[in-house]
Amino acid sequence: MSEKKWSLKTIVLYGINCVIGSGIFLLPGAAYKLLGPGSLLAYLFVFVLVMSVALCFAECGSMFEESGGPYLYARKAFGDFFGYEVGVMKWIVSIIAWATMAVAFATALSALVPQLSDPTMQKMVAIGIIVVLSAVNLFGVNVMAYLNNISTIGKLVPMAVFVIGGLFFIKLENFTPFIAEGATSASVSAAIITVFYAFTGFKNVGVAAGDMENPTKNVPKALILSMSIVSIIYFLIQFHCIGTLGSALGDTSTPVADAMGTFLGSKGALLVTLGTLVSVGGLNIAGSFNTPRCAQALAEGALLPESFKKCNKYNVPYISVIITGVLALLLTLTGSFSELAAISVISRFSQYIPTCIAVPVLRKKHPEMKAGYQVPLGYLFPVIAVAASCWLLINTESYKLIAGLGAMVVVAPLYFVMKRRGEKKSI
C-alpha cells in the first residue's frame with residue numbers, strides 16, 4: 001500500500017503552524033522603534049525574501065531522499081568543507097534559537113511579573129529554564145510527547161481575538177509621520193531582520209515537497225498561500241499595535257499583550273500573555289530535546305568528535321546535552337530578546353545563502369539529479385534571495401554579524417582535525 005501524500009490544504013496548514021511563533025507576540029515594538037509606522041513595509045520586504053528562499057529550499061529538498069537539509073545541498077554543490085561548515089552551523093543556529101526562546105519566555109512572563117522587566121532578572125529566569133530542561137533531558141524524559149497541539153492553540157486563539165477585536169480601537173493619527181525621523185539604511189536593515197525572525201519556520205514548507213501530492217504544481221501554491229496568510233496576519237497585528245498604542249509601542253517588550261489590554265483590559269492582556277507563554281514554553285521544550293540530538297547526528301556523520309554521540313543509561317547523548325546547554329546558557333547573557341532574535345536570524349543566513357546559491361550550481365554541476373520541483377523563472381528567485389540577504393548582512397551592526405556568523409570561522413579548523421582523524425582510521 002502506497003504512503004498517502006499530503007494534500008495542498010494539509011501543507012498550507014502545516015506551513016502556517018511552522019511559521020507563526022513567539023516573534024510576532026514580542027517584536028512589533030522593536031520594529032516600530034526602528035522605523036515607526038513604516039515598519040509595516042518591512043513585512044512586505046520579508047515576504048518577498050522568504051518566498052524566494054523557500055522556493056530554493058523546495059527545489060534542493062526535492063533532489064535528495066536522505067535527511068540533512070542544507071548540509072547535503074552545500075556538500076553536493078560545493079564540496080565537503082562547505083558541507084561541514086553548513087552542517088555544524090545548523091547545530092549552532094539551533095543553540096542560538098533555544099537561547100532566544102529562553103529569553104523570550106522570561107520577557108513574556110514580565111507582563112505577569114513586573115519584577116521581570118529588569119533585564120538581569122530576565123536572564124536569570126532564562127538560565128533557570130535552560131538548566132532545568134537540560135537536567136530533565138538527561139534523565140530521558142521527553143516532555144514533547146505531551147505537548148501535541150497545545151502550543152498551536154495557545155498562540156492562535158489570542159491572535160484571532162486581537163485581530164478581530166482591535167479593528168474597533170485603531171487611531172489613524174498614530175500612523176503619522178509614517179517613517180520615523182532619522183531612519184537610515186542600517187535601521188531599515190535592522191527592522192527587516194527583526195521582522196524576519198517571526199518568519200523563520202518557513203523553510204519547512206519547501207523541505208516537505210517530497211511528501212506532497214504533485215509537488216511541481218503544489219509547492220509554489222502552498223508557499224504562496226501559507227506565507228500570504230501568515231504575512232496578512234502579521235501585518236494586521238503590527239497595524240493594530242501601532243493603531244492602539246501609538247508611540248508607546250516603541251517602549252514595550254510585550255506589545256501585543258499591552259495593545260490587547262487597551263481594549264479588553266487586564267483579561268485581554270492575560271489571554272495574550274498566557275498564549276505567548278504556552279507557545280514559547282513549547283518551543284523551549286522542543287529546543288532542549290532537538291538541539292543536542294542535532295549535535296549527536298553530526299557526530300554520527302563524523303562532523304563532530306565521537307564523544308558527542310555517547311549516551312548514558314537513559315539513551316541520552318549526555319555530552320551533547322551538557323555542551324549544548326552550557327553554550328545556550330552563555331548566549332542568554334549576551335542581550336535582550338530582540339537582540340538575540342536578530343543574531344538568530346543572521347546565523348540562519350549560513351543555511352539560506354548556500355542553499356540559494358546551490359540551486360544554479362546543482363542544475364549545472366549535476367544535471368543527472370532530477371528535481372521533483374524546480375524554482376520558476378530561471379535564476380530570478382535565487383538571485384533575489386542572495387542579493388537581499390547580502391544587503392541585510394552588509395547593513396547589520398558588526399557585533400551582531402560576528403555573534404551570528406563568527407562561529408563559521410571558529411569551527412573551521414575542526415574540519416581539518418576531523419578529516420585527519422578520518423584518514424587515519426581508513427588506513
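Predicted model: local features only at pLDDT ≥ 70, side-chain atom pairs only at ≥ 80, totals over all residues.
Reader: What makes the pair Phe81 and Phe416 stacked?
Author: The angle between the planes. The ring centres lie 5.9 Å apart and the planes stand at 25 degrees. Pairing needs centres within 6.5 Å, and stacked needs planes under 30 degrees apart, so the pair is stacked.

Reader: Where in the chain do Phe81 and Phe416 sit?
Author: Phe81 is in helix α6, and Phe416 is in helix α17 (residues 412–426). They are 335 residues apart.

Reader: Why is Phe81 called partly exposed?
Author: Its relative accessibility is 26%. Buried means under 20% and exposed means over 50%, so Phe81 falls in between. Phe416, at 46%, is also partly exposed.

Reader: Why is the pair Phe196 and Phe349 called tilted?
Author: The centres are 5.7 Å apart, with 55 degrees between the planes. Stacked needs under 30 degrees and edge-to-face over 60, so this pair is tilted. Phe196 belongs to helix α9 (residues 185–196), Phe349 to helix α14 (residues 337–365).

Reader: How do you know that Phe196 is buried?
Author: Its relative accessibility is 0%. The limit is under 20%, so Phe196 counts as buried. Phe349, at 2%, is buried too.

Reader: Which residues have the most contacts inside the largest nonpolar core?
Author: Trp91, Phe196, Phe199, Phe202 and Tyr234. That core has 119 residues. Helix α6 (residues 80–109) gives the largest share, 16 residues.

Reader: What makes Arg293 a charge over a ring?
Author: Its charged end is 4.0 Å from the centre of the Phe289 ring and sits over that ring. The distance limit is within 6 Å, so 4.0 Å passes.

Conventions:
Residues numbered from 1 in each chain as written. Heavy atoms only, no water. Core = buried A, V, L, I, M, F, W, Y, C linked by side-chain atoms within 4.5 Å. Buried < 20%, exposed > 50% of the residue type's maximum accessible area, 1.4 Å probe, protein only. Helix = DSSP H or I, 4+ residues; strand = E, 2+ residues; numbered from the N terminus. Phe/Tyr/Trp six-rings, centres within 6.5 Å; stacked < 30°, edge-to-face > 60°. Lys NZ or Arg CZ within 6 Å of the ring centre and 35° of its normal.
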